[in-house]
Amino acid sequence: MPLNMTKIAFGAESPQHLRERLAAYAQDGEVRLTTRYLPKRVAEMAGGSLYWIHTHTIIGRSPIIGFMENGAGRHWIRIRPQLIAVRSTPKRAHQGWRYLEEANAPPDLDSVETDGRDEMSPKMLNELMKMGLV
C-alpha cells in the first residue's frame, strides 16, 4: 500500500479555488510544490497522493508523480494538477506536510457524490469533532 502525505491548502478560499490554483500552476502536466527536506520514506510514496486540508478538513487529493531536487538546496513535490474529491474527514492543521497511511486515508467520493450536496460543511464537521461525535 502506498504512503500518502497531508498538506494545508494555504491561501485557498474553497476547494474550487484550490482546483483553479492547481490548474493555473500546472506546467507540463504537473505542479511543483517546494519543500525544504526530502521525505525519509520517499520510496514508499510511489502511487501515493497528497491529501489537501482546508478549514481543518481533508477535502481532496492530488496524485504524487514523484520528487525532484530543485537546484536551490530544496526539493519539489511533483503532483498531478487535479483535485480528486474525497469524503470529508476532520484533520488538525499543521505546518509543512505529514505522512498519511493508506489505511487512514479517506475514500474518494463516487461520481454521484461529487456535487457536494451530501457532504457536511467543514464548519459543521469541525463542531461535531470538537464534541467528540466524529
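**Exercise 1. Is Glu30 buried or exposed, at what relative accessibility?**

Ground rules come before the solution. This is a predicted model, in which local features need pLDDT of at least 70, side-chain atom pairs count only at pLDDT 80 or more, and totals for chains, interfaces and linings use all residues. Residues are numbered from 1 along each chain as its sequence is written, and side-chain values use heavy atoms, with hydrogens and water left out.

Solution. 
- Step 1: take the cut-offs. Buried means under 20% relative accessible area, exposed over 50%, and partly exposed in between (1.4 Å probe, protein chains only).
- Step 2: apply them. Glu30 has 7% relative accessibility, so Glu30 counts as buried.
- Step 3: Glu30 sits in the loop between α1 and β2. Helices (H or I, at least four residues) and strands (E, at least two) are DSSP runs, numbered from the N terminus.

**Exercise 2. Find the side chains that make polar contacts with Glu30.**

Solution. 
- Step 1: define the term. A polar contact is a pair of N or O atoms within 3.5 Å; within protein, one must be able to donate a hydrogen and the other to accept it, and residues adjacent in sequence count only if both atoms are side-chain atoms.
- Step 2: take Arg32. Its side chain joins that of Glu30 through a polar contact of 2.6 Å.
- Step 3: take Arg78, a residue of strand β5. The side chains of Arg78 and Glu30 are joined at 2.9 Å.
- Step 4: widen the view to contacts (heavy atoms within 4.5 Å). Beyond its neighbours within four places in sequence, Glu30 meets Tyr25, Ile65, Arg78, Ile79 and Pro81.
- Step 5: do likewise for Arg78. Leaving out residues up to four places away, Arg78 touches Glu30, Val31, Arg32, Pro63, Ile64, Ile65, Gly66, Phe67 and Met68.

**Exercise 3. Describe the order of elements and the overall burial of the chain.**

Solution. 
- Step 1: count. The protein chain has two helices and seven strands.
- Step 2: order them. From the N terminus, the pattern is β-α-β-β-β-β-β-β-α.
- Step 3: check burial. Of the 134 residues in the protein chain, 37% are buried.
- Step 4: check contact range. Among contacts with a separation of 6 or more, 69% join residues 24 or more positions apart.

**Exercise 4. Which residues have the most contacts inside the largest nonpolar core?**

Solution. 
- Step 1: define the core. A nonpolar core is a set of buried Ala, Val, Leu, Ile, Met, Phe, Trp, Tyr and Cys residues joined through side-chain atoms within 4.5 Å.
- Step 2: read off the answer. The largest core has 18 residues, and Leu18, Trp52, Ile77 and Ile79 have the most contacts inside it.
- Step 3: assign elements. Two or more residues come from each of α1 (15-25), β2 (31-35), β3 (49-54), β4 (57-69) and β5 (75-79). β4 gives the most, with three residues.
- Step 4: look for another core. A second, separate one has six residues, including Tyr51, Val86, Leu100 and Ala105.
- Step 5: recall the background. In soluble globular proteins, nonpolar side chains tend to be buried together.

**Exercise 5. Characterise the largest pocket by its volume and lining.**

Solution. 
- Step 1: define it. On a 1 Å grid over the protein atoms alone, a pocket is an open set of points where a 1.4 Å probe fits, with protein on both sides within 12 Å along at least five of seven lines; lining residues have an atom within 4 Å of a point.
- Step 2: give the volume, about 410 Å³. Grid points are joined across faces, edges and corners, and the volume is the space filled by probe spheres set on the points.
- Step 3: list the lining. It has 18 residues, with Arg21, Val31, Arg32, Leu33 and Trp52 nearest the centre.
- Step 4: trace the elements. β1 (4-8), α1 and β2 each give two or more residues to the lining. The largest share, four residues, comes from α1.
- Step 5: sort by type. The lining has nine nonpolar, four polar and five charged residues. Ala, Val, Leu, Ile, Met, Phe, Trp, Tyr, Cys and Pro count as nonpolar, Asp, Glu, Lys and Arg as charged, and the others, Gly among them, as polar.
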